[in-house]
Amino acid sequence: MEPIPSEETGLGPEAMEAPDGEVLGKMIRDARKEKGLTLEEAAKAAAIGRSTLSKIENNQTRPSFEIIRRLMQTLELETPQLFVQSGQSGVTGRRDFTRTGEGEHKETTTYDHELLCSELTSKRMVPYISTIKARDVTEFDNWVRHQGEEFMFVLSGEVILYTEHYRPLRMGPGDSVYYDSGMGHGCVSVSADDAKVLWVSLEV
């Protein structure tokens with residue numbers, strides 16, 4: 001297998017054997033096809049090489065966070081679900097820890113996500129705190145949808161959760177909801193300040 005230059009991937013050749021890239025590659029490929037983009041078009045929009053994108057989709061390399069960030073923006077994957085890796089792992093007794101305010105930030109036009117416990121790569125759940133910046137559902141170009149299920153708990157402020165098959169759901173501090181994240185959804189803040197929620201995404 002031809003190694004990818006470090007300036008493109010941010011990782012050395014040893015990362016090519018990482019076992020969790022199949023889930024990531026499929027998610028990126030499905031999102032690209034859903035938008036009707038060719039490999040070349042998507043790669044150009046994300047400012048990466050066509051061969052790099054092809055290898056990511058085919059689990060031949062593990063991209064850096066920066067490349068994932070560009071792909072998320074290009075393919076409008078507005079959720080840290082993209083960071084869910086395969087749950088298959090022979091490691092037991094794992095533990096991860098995030099101090100207050102020290103999570104990994106991923107900002108979109110509608111949300112500001114703070115990824116929690118992001119050091120573990122082989123996991124099925126992704127916990128994150130999100131500041132809901134969107135104030136109207138029209139700020140979403142498309143429904144947000146991704147593989148798995150999702151739990152949301154309102155920490156502060158008030159939100160309205162819009163889902164594809166249900167009436168809008170207004171929620172306040174302490175309210176929670178569990179839903180199929182493959183169903184189109186989007187969340188907006190309706191309080192004076194931007195609302196904050198705890199989200200837990202689960203790959204199934």
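Which residue's side chain does the side chain of His185 join in a polar contact? The partner is Glu150, and the polar contact between the two side chains is 3.4 Å. A polar contact here is a pair of N or O atoms within 3.5 Å; within protein, one must be able to donate a hydrogen and the other to accept it, and residues adjacent in sequence count only if both atoms are side-chain atoms.

This is a predicted model, in which local features need pLDDT of at least 70 and side-chain atom pairs count only at pLDDT 80 or more, while totals for chains, interfaces and linings use all residues. Residues are numbered from 1 along each chain as its sequence is written, and side-chain values use heavy atoms, with hydrogens and water left out.

His185 belongs to strand β8, residues 185-189. Strands (E, at least two residues) and helices (H or I, at least four) are DSSP runs numbered from the N terminus. With a relative accessible area of 3%, His185 is buried; buried means under 20%, exposed over 50%, and partly exposed in between (1.4 Å probe, protein chains only). Leaving aside residues up to four places away in sequence, His185 touches Trp143, Val144, Arg145, His146, Glu150, Tyr162, Thr163 and Tyr179, where contact means heavy atoms within 4.5 Å.

Two loop residues come next. Asn59 sits in the loop between α4 (50-57) and α5 (65-75). Its phi is near 60°, a positive value in a residue other than glycine, and Asn59 is partly exposed at 28% relative accessible area. Cys117 lies in the loop from β2 (111-115) to β3 (125-132). Cys117 is not a glycine, yet has a positive phi of about 50°. Its relative accessibility of 23% makes Cys117 partly exposed.
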